[in-house]
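Please open the model in a viewer and keep the selection panel at hand.

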Amino acid sequence: MRDTIGSLRAWFHGHPLIPDVIFGGVLAAASVPFAHVAHAFGDPARLREPDAMGLGLIVAGCLSVALRRHRPFLMLFLVCVAEVTLASTGRNPSLLWLVTLVLVYTIAARRGLALSLCAPALALAGHLLSAAAGGRLGEWSSHLLMAVFTVSLWIAGRNALLRRAYQAELRDRARRMERVREADTRAARAEERSRIARELHDVVAHHVSVMTVQAAAARRVLAGNPEGAREALSAIEELGRTAMAEMRSMVGVLRTEGALVERSPQPGVREIPALVDQMREAGLRTQLCIEGERAAPETAGAAEVAGTVRTAGTAGTAGTVRTLPPGVDLAAYRLVQEALTNSLRHAGPQARAWVRVRHEPGELAIQVEDDGLGPRARAEDGEATGHGLAGIRERVALYGGLLRIGPRDGGGFEVNARFPLKDT
């Protein structure tokens, strides 16, 4: 039932002429018997009996309500003229005063303030002229009542106008907010696609590069050293499983919303020693130096791998374990991963690499260097402008860090980054 009424109201709102015609017809139908009743209870000496001319003017005035949305000022003027004409000829104007109030409300609700003020002035002027023509100018009580009704309907019309303007502003604001939300959603989706692309590039580039080097080593020693080839193939298998696990973890986020996806923790600075071990196994002689952090019990063993140097903590940080924000922790790991992968691919077979992780008050410094062929070979391979270095720049910029990528003094290549941290 409620839906039916709502749909009917919406239909009438879309066809405003129909309810106006119905309203005018109801007023016209009621005005005829009202004119006879007014004559019966009025002063016979002053009022004439309703005739065809009088009833015609009354009905025409009532039917003018049908055009109140299109020509309200013209209709109000014609009704006032009809009212004055009927009063001057001794006929009762019946319900034309009610039509005048309806037109005053319509003008106040649909016109500007200056024009709407003319409506009550015209209506009251017509009422006074008709009263003067009919000899009723001394009936101050009826004039005061008509003035109160006219001003009240004018105020109601202005309130309706302001309410419609307020609702239109709310709808416009809602549309603007919807467009803003859609734009934010598109930007968030683009950012998420960029983030996933960076993660996939880091995972695939690193593991595939190491697997390629291990496969080449296995092919070279397959005939003379089967045991060494078997170890290289085992390392390739393990790297492949690791890469698949990481990619499955990232792609799992893209599944159905609300689904619980089992994901392993994201790697961070604590996994850098294991990453350095992978590089050594792949043939890149790498040395790791971690400063300003005391090894936690669960990671102390990983820090004591061959070739790893852990210096004493700096002043103010010795004996403490720095807890990094998750985003910075992952960005630092990916930076080292990408830099070592590039060194493995481009630095040459006899190159060495150094990784320095330095925890300072309010800052995390990461430096990766190698003494290989330098940036020229990388530019020839297209790496200097590839997705890897661009991803590094985006990661560092995302957390407000500083980054330097370029040739190293004395030959080679270096990646130097500083991430600002909030002291806790």
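A cavity, in the sense used here, is a set of grid points where a 1.4 Å probe fits but cannot get out, and its volume is the space filled by probe spheres set on those points. The model on display is predicted.

Four cavities of 30 Å³ or more are present in the structure. Which of the elements gives the most? It is α3, with three residues. By class, the lining comprises four nonpolar, three polar and three charged residues.

Asp20 belongs to helix α2, whereas Arg68 sits in the loop between α3 and α4 (72-88), so the pair ties together parts that are 48 residues apart in sequence. The salt bridges in the model come to 15 by count.

Move on to α4 and select with it helix α6 (residues 113-133): the two axes come within 7 Å and cross at roughly 10 degrees. Because angles under 35 degrees count as roughly parallel, α4 is described as roughly parallel to α6. On the α4 side, show the contact residues, including Phe73, Leu76, Phe77, Cys80 and Val84. On the α6 side, the contact includes Leu115, Cys118, Leu122, Gly126 and Leu129. The contact of α4 with α6 consists of 13 nonpolar, four polar and one charged residue.

Finally, select helix α9 (residues 272-282) and helix α11 (residues 326-346), whose axes lie 11 Å apart at an angle of about 10 degrees. This angle makes α9 roughly parallel to α11. From α9, the contact draws on Ile272, Leu275, Val276, Met279 and Ala282. The partners in α11 are Tyr333, Val336, Gln337, Leu340, Thr341 and Leu344. How many charged residues does the contact of α9 with α11 have? There are none, the contact having nine nonpolar and two polar residues.

Note on methods:
Residues are numbered from 1 along each chain as its sequence is written. This is a predicted model: local features need pLDDT of at least 70, side-chain atom pairs count only at pLDDT 80 or more; totals for chains, interfaces and linings use all residues. Side-chain values use heavy atoms; hydrogens and water are left out. On a 1 Å grid over the protein atoms alone, a cavity is a set of points where a 1.4 Å probe fits but cannot get out, and a pocket is an open set with protein on both sides within 12 Å along at least five of seven lines; lining residues have an atom within 4 Å of a point. Helices (H or I, at least four residues) and strands (E, at least two) are DSSP runs, numbered from the N terminus. Ala, Val, Leu, Ile, Met, Phe, Trp, Tyr, Cys and Pro count as nonpolar, Asp, Glu, Lys and Arg as charged, and the others, Gly among them, as polar. Axes are lines fitted to C-alpha atoms, for helices over the stretch in contact, and angles run from 0 to 180 degrees between N-to-C directions. Angles under 35 degrees count as roughly parallel, over 145 as roughly antiparallel, 65 to 115 as roughly perpendicular and the rest as oblique. Contact means heavy atoms within 4.5 Å. A salt bridge is a side-chain nitrogen of Lys or Arg within 4 Å of a carboxyl oxygen of Asp or Glu.
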